[in-house]
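Dear colleague,

Please find below the sequence and structure that I am handing over to you. My notes on what was found follow directly after them.

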Amino acid sequence: MNLSGVLIPFVPLLGFIINGLGFPKVSKRWAAWIGCGSVFISFLIASVLFIQSLTGSFESTTISLFDWIVAGNINVGFSFFIDHLTLIMLMIVTGVGFLIHVYSVGYMHDDEGFGKFFSYMNLFIFFMLVLVMGANFVMMFIGWEGVGLCSYLLIGFWWKNREYSAAANKAFIMNRIGDLGFILGIFLMFITFGSSDFDKVFAGSSAFATNDHVMVAITLLLFIGAIGKSAQIPLYTWLPDAMAGPTPVSALIHAATMVTAGVYMVARSNILYSIAPISLEVVTVVGLATAVLSALIAITQSDIKKVLAYSTVSQLGYMFVAEGSSAYSSGIFHLMTHAFFKALLFLGAGSVIHALHHEQNLRKMGGLRKLLPVTFITMFAATLAISGFPPFAGFFSKDEILVATYEKSPAVFWILAATSVLTAAYMFRLLFLTFYGEYRGGHHQHEHIHESPRVMTVPLMILAVLSTLGGFLGLPALFGDTHWLSHYLEPVFAANTRLTEHSESSLLEIMIVVLTVIVIAVIWWWCNEKYVKKKVAPAIVEDQLPLWYKLSYNKFYVDEIYDRVIIKPLEWMGDFFYGKFEANVIDGAVNGLGRMTVWLSGQLRKIQTGNIGFYVLSMVIGIVLLLIYGLSKMNLF
Amino acid sequence: MNLLISLTALGVVAMFGGILKFRSMVMPLSVLGLIGASLLGVYAWNTNQSFLNDMMRMDNYAIAFSIVCMAGTLLTILFFHFFHSENEIHYAEAVALMLFAVAGCAVMVSFTNLLMLFLGIEILSLSLYVLAGLRKKDLLSNESSLKYFLMGAFSTGFLLFGIALLYGATGSFATTQIAYQLGIAGMNGMAAMGLLLLMIGLLFKVAAVPFQFWTPDVYQGAPTIVTAFMATVGKVAAFAAFLRLFQLCFAPSKEGYQLVIGTVAAITMLAGNIMAIYQSSTKRMLAYSSIAHAGYMLIAVMTLNASSNGSILFYSVAYTLASISSFLIVMVVQQNRNNDTADDFNGLGKTNPWIAFALAVSMLSLSGIPATAGFFGKFYVFSSAVSDGFIWVVAVAVISSFISIYYYFRPVIAAYSKQTHDPVMTMPAGTQALLILLSLLTILLGILPGFIAGII
Amino acid sequence: MLTSAFYFIAFVTVFFAVMVIAAKNPVHSVLYLVLTFFGISANYIFILDAPFVGIVNIIVYAGAIMVLFLFVIMLMNLNAEAEHRKSNAFLIVGAFAGGSLLLIVVDAIRKVDWKSVSGQESSGGAIGSIKVLGKVLYTDYILPFEVASVLFLVAIVGAVILARKEKLPLTVGQISHPVSES
Amino acid sequence: MPNIFQTVPLIHFVYLSALLFCIGVVGVLIRRNAIIIFMSIELMLNSVNLLLVAFSAYRQDPPGQIFVFFIMAVAAAEVAVGLAIIIMIYRNIRTVDINELSRLKG
């Protein structure tokens, strides 16, 4: 047990070393076997542990490898911690990670840096596993930094143009701001508890009163870290830009695993957060604002990966709202289902992009349903899942979050519910633009489009099954009170989860089911009208449309009102938030900080005039000031 | 003591190596001698002997820092040997000066009398003034030498004035006596003035703001290998002496001046890191970075508690490893691409993957990214400051080290993410192996810092 | 009597010191500096009862070091050259900075209780004599005395390296750019 | 031993040497000729010597004067190296004006 647990992260590390050192001498074939195989072995070990935990012969354990940092009273062990929450995360990371690895074999097949790609991916898995398995916050931070580094390497993997490097830079800077919060939080933890070990910190926190300012500070600082890593307001804009990397990277890092690290961290520190309700409210507000804002932006995007990226940001907001409402297991539940369907969406998008020879613009897609049948069906399942259509996975997890928020604050519930509608809207828009209607790219290309190889479609299918059935791990009360996941996670969240167990919410759940079905039906109808019948492609201005089309104006009178009253303002808001707010306010603030530093640097360096006389004079003035300061500090002046 | 004698003898041997024309023996003899001297140091471990009327004491602190300085010197001499043929005009003399300088360092880190401190500082400084001007026909080298000399001599004046006032206040140059007298009489105006002026003299030597002016110019103008020597051995010895002086003499009255050092540390870190951003020359950038590192190390001097010695030692080792290898890489790049801006590192990852690896490791370590020695260097320093309640200083330190990531990563990004048409870089045999060794040491210390941290 | 002698010597010393930094001609500066050193030596010998230090001061400073300065100045033929002056603003700021330094030092020291410093038991032996100093130097301070020899080695090696002529072309920086005359 | 110590207060020596020290500092600040600057630094060192000898005499403590010898020794060594540097530069650019030496900056 002990030994096998430790092996989980180190097998991918071995894969990284072999592929990294061997590149480019190891053949692509071997690189693929090593890359996928190492993750698969980790998956197998994790599965064994997981099954043990189901049969009850498992207890959460800390495996200490060695004392790592010993300084004064501070002792940080290089140790791993495995409990039910870790196991769930392990299953997601290794399972989904493995599928994405397999998929990458097909996707990256023609790339020169094939072996290098796999070595980075394995390194990423290693750090991600360290992140979720660390037994203290320092270990978590090591993993945290490591995944950041890999993300950085992989975003910039194709450095064909400057924009990619710029995206990598942006991701880097924004994550550093987050890390700053995290590291200060850890420092504060050391001061307060003298340790960063989970058990000691959580045990020590019970001595604090509710909303004790130290606890609020620690939790808020940690949350700043989560904001950076999980792309929440105001540090979210790096994620859409990070889509410059290869699509499997987007699926693995920017959808399924790394970006959820913040969610994991908050869930892991749930004991701290429960002592600081103020922080929980901050978490809720930030999560909610992010969910709404990015959903609004997603509606108008024309790049398929950008839509998915904003959608990811929005879904992460959901998870934080769940955690802010103390429904940690719901947050983790959504994290899991999201990993399934969002990975699937990205991989599906990747399959489309692959088939279209790296065309990502929705405007140039359409009608791919027949040409890419497997991709279409799996993406369809994922779209239903993310839109929350029962009984797909997303339905259950979203439903749970909605119920949890309703108990806490109806206002949050309604905003979140409206966001769900938006989610369905932009996802179906994406689906229709891609697969329905007619192909809008060149004819020449049209003939070359064919379904991706099996090595890519099989992972899609597996993920589709998971997206469809994954929700049954957490059946809500309505369907017979067998919420397996929340029981499974009970040891971790026991004191905090406020899950509705019984009937009073049944009505609410029925309402949600019915409403969801209706809303999705309406959206389906509307998309069909707009994108199939009217053949509206995004961002084509109305007066470019042919005359006969305008004559049919009256026929779709209702539709137009709908368009004017609801869609247009929404689109306007989307444009506004995307174009003005994001570009000016958020990017402006972040870039401004950077530019100010550079400017300051340019000014400050001017004091190095090169003239000895000036230097000496400045030194003497410095001496005078220092003497005055020092003497007055010693009360002698 | 044996250590000091053997170092001096070694210097004399190297000097005669130049005069009596057995230059080819200079490098091997120096390397063997330095290793031997280090072994003598190890042999004297825990003996804690003091010498000749308590002028110096070879305690573990002194031995540890002497060995760090000697190791730095050994690396510098090796690199010097790689890049300069032994038939060059001042080959043996330069090696001799480095050996004399490290003898000065040994005096500086083991003194128990202010006179010894003064002599040690002067031996080191005079050697460095000359070494900076080693390229006699290079105007930048000339300028760097003169700047260093004039400002160094000027600051020595303040140091001496401080010593004199302290002598006036306490009646002795011996650290034990000074501490004893200050303990009886407390701080009066003269003692405080002496303390502050001594502090100013040492702040100059470690290049803290506002006495940093000489650093970028001197580092840039001096021959790159000499710069590496100054930035590592010189700085480590200066810090060791600084900390030793304050631990031995002024520790009980630290409440009075802690804030002064803390303020200087904070300004130094911020200014060093911010000014580094704008630099196009990597060598000059490293000079500013060394200013910033002086700020971080000053934090340990400020806290002046039980863990300060260990944390400065670890920081010194981490910093020495990373700095020497980064200066060496700059040297390689300068020789191959004729310049050392970030663009000259383009494509290094493709052409010379190992050099790029060493570059990445040393830059990561300098910026304090986890899993490198630099991280723990910062960690120890910061954590001891935090435990003493200096949270604001640590906050400034953390913020400024985040700023530093920006410029440390520039050459690394260039090396890995940009293309080049330039050919594979060539370098003297052995350079690459040593660079890899240094990087592995950096990583090793980043994973197992316990080796060094708890030693003194 | 001694008191007025002290003030006279002090005044003269300070006057010459000011002239060192005020004189336009470098040769004059050297000569004033020699006079300043004489003044300081006079303090040693007549007031402070430290004749040996006073003599050494004259021999080493006034005799050796200043001659070296004079020699270098002559070598460079600087005697005729009128040095460019720094701007007046620089002069004022410099004098102001130096003045405030003086004020701070004086202010800090003024408050010291001097009883603790002076008036210790006067042993009666002339501590400034060669006999006493030699004994202390060669017993208690033998280690610094030896270490100072390393310093001289450095100085010798350094001076030889730097002063020896070299027949290379001038460069600016290690990255060999041609020299641009400025 | 002449009993001067009661007549001239020690603090006057401190004032005198502080004054000389500051004159040296001002000299460093206001002159452009490297040699004069160097001479001003020598003046600073000498004022320290005066201070040490004064303390030594008033305290009846020989080490103060021993220290002075070492300062002289160091000053001599410094002069040897410093003048060598200045000569080296003079050979190359025919001036010792420090304002001419500001290629390294920024």
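Buried residues account for 36% of the 182 residues in chain C. A residue is called buried if 20 or more other C-beta atoms lie within 10 Å of its own, exposed if 12 or fewer, and partly exposed in between, with C-beta atoms placed from the backbone.

Please note that this is a predicted model, in which local features need pLDDT of at least 70 and side-chain atom pairs count only at pLDDT 80 or more, while totals for chains, interfaces and linings use all residues. Residues are numbered from 1 along each chain as its sequence is written, and chains are lettered from A and ligands numbered from 1 in the order in which they are written. The model scores ipTM 0.94 and pTM 0.75. For chain D the mean pLDDT (the predictor's confidence in each residue, from 0 to 100) is 89, and 94% of the residues of chain D reach 70 or more. Where pLDDT is low, the predicted coordinates should not be read in detail.

Chain C

The secondary structure of chain C consists of 6 helices and 0 strands, in the order α-α-α-α-α-α along the sequence. Helices (H or I, at least four residues) and strands (E, at least two) are DSSP runs, numbered from the N terminus. The domain assignment, which is automatic or taken from a database, gives domain 1 (1-80) and domain 2 (131-167) of chain C. The C-alpha centres of these two domains of chain C lie 24 Å apart. Among contacts in chain C between residues at least 6 apart in sequence, 53% join residues at least 24 apart; two residues are in contact if their C-beta atoms, placed from the backbone, lie within 7 Å.

Helix 1 (residues 2-22) of chain C has 21 residues and spans 30 Å from its first C-alpha to its last, close to the 30 Å expected at 1.5 Å a residue. The expected span is 1.5 Å times one less than the number of residues. Phe6(C), Ile9(C), Ala10(C), Thr13(C), Phe16(C), Ala17(C), Val20(C) and Ile21(C) are the buried residues of helix 1 of chain C. Viewed down the helix axis, these buried residues fall within an arc of 135°, so they line one face of helix 1 of chain C. The arc is that of the directions from the helix axis to the C-beta atoms. Ser4(C), Phe8(C) and Phe11(C), on the other side of helix 1 of chain C, are exposed. The cover over the buried residues includes helix 2 (26-47) of chain C, as well as helix 1 (10-30) and helix 2 (34-59) of chain D.

Contacts between chains

In total, 65 residues of chain D are in contact with 74 residues of chain C. On the side of chain D that touches chain C, helix 1, helix 2 and helix 3 (63-93) of chain D each supply at least two residues. Helix 3 of chain D gives the largest share, 23 residues. By class, this side of chain D has 51 nonpolar, 9 polar and 5 charged residues. Here Ala, Val, Leu, Ile, Met, Phe, Trp, Tyr, Cys and Pro count as nonpolar, Asp, Glu, Lys and Arg as charged, and the others, Gly among them, as polar.

Between chains A and B, 41 residues of chain A are in contact with 46 residues of chain B. Helix 26 of chain A provides the largest share of the side of chain A that touches chain B, 13 residues.

Kind regards
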